[in-house]
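Trainee: Please take a close look at one part of this structure with me. I would like to know what surrounds it, and then how some other parts of the chain are placed.

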Amino acid sequence: MLKKIMLVSGRRLGVNKRLKLFLLLSCVPTLAFFLYGHDVLIFLGLRVRDTAGITWNDSSMRNILVNDTVSQDLQKRVRILCVVPTTVKNEDTKVYAVNATWGSRCNKILFVFVYHHSRFHHISLNISDGRSHLTAKTMQAFKAVYKQYGDSYDWILKADDDSFIIMENLRFLLSKFDPNDAAYIGYHFKVLAHNGYMSGGGSYVISKAALRLVAEKGFSGGCATDGNDEDVDVGRCMEKLGVKAYVSYDKFGRDTFHPQSIEQHLIGPLPWYLKDYPASPIQAGPDCCSQFSISFHYVSSHMMYIIDFLLYRVSIYGNYDLPKEQLQDIFTKKISKIKHQTEDEVFPVRHYFAAPNFVPQEHPEYNHKRT
């Protein structure tokens with residue numbers, strides 16, 4: 001049909017056959033974009049670079065006055081390998097931004113692709129791709145990491161490509177734990193598994209001992225190896241393997257891992273499911289988030305640079321680090337256990353038709369309309 005239209009147009013214009021062919025081929029990328037979007041443009045060899053792909057490297061820190069002696073020391077003692085599942089269409093936007101900002105503070109970062117060899121450090125898996133295979137993508141990534149690196153890293157962080165992680169605060173929390181113990185930490189939901197699961201969007205970490213159990217026993221020990229509920233499946237797997245879940249909130253009850261965006265947690269409104277699903281009551285407004293927050297979800301590529309700038313390139317004159325004695329009990333090593341009536345009880349999810357957003361009673365101002 002397109003060819004006929006172009007030929008008709010060519011006759012009206014009185015152009016020769018070469019020009020007709022040129023006009024036809026010129027329309028292919030544009031038509032492909034409107035019909036199939038970014039994936040087809042990648043297939044055609046055309047790269048669409050988001051403006052977030054700006055120059056952002058260590059040289060930009062040369063004139064920043066900062067004392068990072070403590071965090072640098074902790075980076076050597078608490079070694080974290082970051083695993084970030086992603087897709088080819090996000091390589092020039094989200095992957096680029098993660099690698100340039102918080103990902104640069106991992107001891108090592110690996111982006112997980114399917115059938116793709118990236119210019120970034122990555123794992124290329126030989127599996128089916130898509131949302132219905134998120135479990136396989138994560139489980140196979142864990143297996144590949146263990147095969148390649150064994151116990152070289154203390155902790156494995158699994159984060160989405162639209163999450164922002166404050167690595168220094170994550171290491172501070174993990175410094176309270178022994179990576180030789182099988183541990184699992186994140187934002188804890190109490191549904192769908194006997195002892196719940198950690199939110200995938202909020203990110204979670206497993207210790208090297210837990211990684212070993214997954215790689216050596218998980219695939220033959222009844223853990224799901226494929227599916228679309230990756231975080232639920234990993235949570236069930238951790239429970240089957242005897243990996244303990246730990247709380248991640250601070251001594252004031254403020255969360256460190258956050259399954260939603262900064263705006264939703266701080267200003268609101270929150271999604272309805274955060275009223276019923278969390279293992280511990282969620283706080284809202286200024287008390288939503290720990291002073292040592294670790295993760296936020298639904299962060300755009302552009303916002304990653306903005307957050308990174310505000311955290312690492314802006315200082316408040318006259319404010320200094322807290323004395324160490326005030327930080328000793330900010331985090332405690334405490335098992336996160338769901339209270340049940342029976343040993344095999346599993347709390348189900350409740351599906352509400354057109355459920356309204358969650359507005360905490362103590363923060364009625366959350367019910368405002370976004371502007």
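Mentor: Start with the second largest pocket, where 37 residues form the lining and R131, L134, D160, G201 and H297 are the ones nearest the centre. (On a 1 Å grid over the protein atoms alone, a cavity is a set of points where a 1.4 Å probe fits but cannot get out, while a pocket is an open set with protein on both sides within 12 Å along at least five of seven lines; a lining residue has an atom within 4 Å of a point.) Two elements each give two or more residues to this lining: helix 6, residues 134-149, and helix 9, residues 230-240. Helices (H or I, at least four residues) and strands (E, at least two) are DSSP runs, numbered from the N terminus.

Before going on, note that this is a predicted model, in which local features need pLDDT of at least 70 and side-chain atom pairs count only at pLDDT 80 or more, while totals for chains, interfaces and linings use all residues. Residues are numbered from 1 along each chain as its sequence is written, and side-chain values use heavy atoms, with hydrogens and water left out.

The volume of the second largest pocket is about 1,000 Å³, taken as the space filled by probe spheres set on grid points joined across faces, edges and corners. By kind, its lining holds 13 charged residues, twelve polar ones and twelve nonpolar ones. (Ala, Val, Leu, Ile, Met, Phe, Trp, Tyr, Cys and Pro are nonpolar; Asp, Glu, Lys and Arg are charged; the others, Gly among them, are polar.)

T135 has a relative accessible area of 0%, so it counts as buried. (Buried means under 20% relative accessible area, exposed over 50%, and partly exposed in between, with a 1.4 Å probe and protein chains only.) Apart from neighbours within four places in sequence, T135 is in contact with a run of residues, A224, T225, D226, G227, N228 and D229, and also with E230 and D233. Contact here means heavy atoms within 4.5 Å.

Next, other helices. Helix 5 spans residues 91-100, and seven of its ten residues are buried, so the rest of the structure largely encloses this helix. The buried residues are E91, D92, T93, V95, A97, V98 and A100. Their cover includes strand 2, residues 108-114, and helix 12.

The loop from helix 5 to strand 2 contains R105. R105 is buried because its relative accessible area is 15%. Setting aside residues up to four places away in sequence, R105 touches Q75, M167, E168, R171, D308 and Y312. Of these, M167 and R171 are among the buried residues of helix 7, along with N169, L170, F172, L173 and L174. Helix 7 runs over residues 167-174; seven of its eight residues are buried, so it too is largely enclosed by the rest of the structure.

Helix 12 covers residues 301-312, and L311 is in it. L311 is only partly exposed, because its relative accessible area is 40%. Beyond residues up to four places away in sequence, L311 touches F164 and I166. The C-alpha atoms of L311 and I166 are 8.9 Å apart, although the two residues are separated by 145 positions in sequence.

Most residues other than glycine have a negative phi, and most peptide bonds are trans. Y115 is not a glycine, yet its phi is positive, about 50°. Y115 sits in the loop between strand 2 and strand 3, residues 122-125, and at 58% relative accessible area it is exposed. L192 also has a positive phi, near 70°, and is not a glycine. Its place is the loop between strand 7 (188-189) and strand 8 (197-198); with 25% relative accessibility, L192 is partly exposed. The peptide bond from G268 to P269 is cis, with omega near -5°. P269 belongs to the loop between helix 10 (262-266) and helix 11 (273-276).

Finally, the chain as a whole. The chain has 13 helices and eleven strands, and 47% of its 371 residues count as buried. Among contacts with a separation of 6 or more, 77% join residues 24 or more positions apart.
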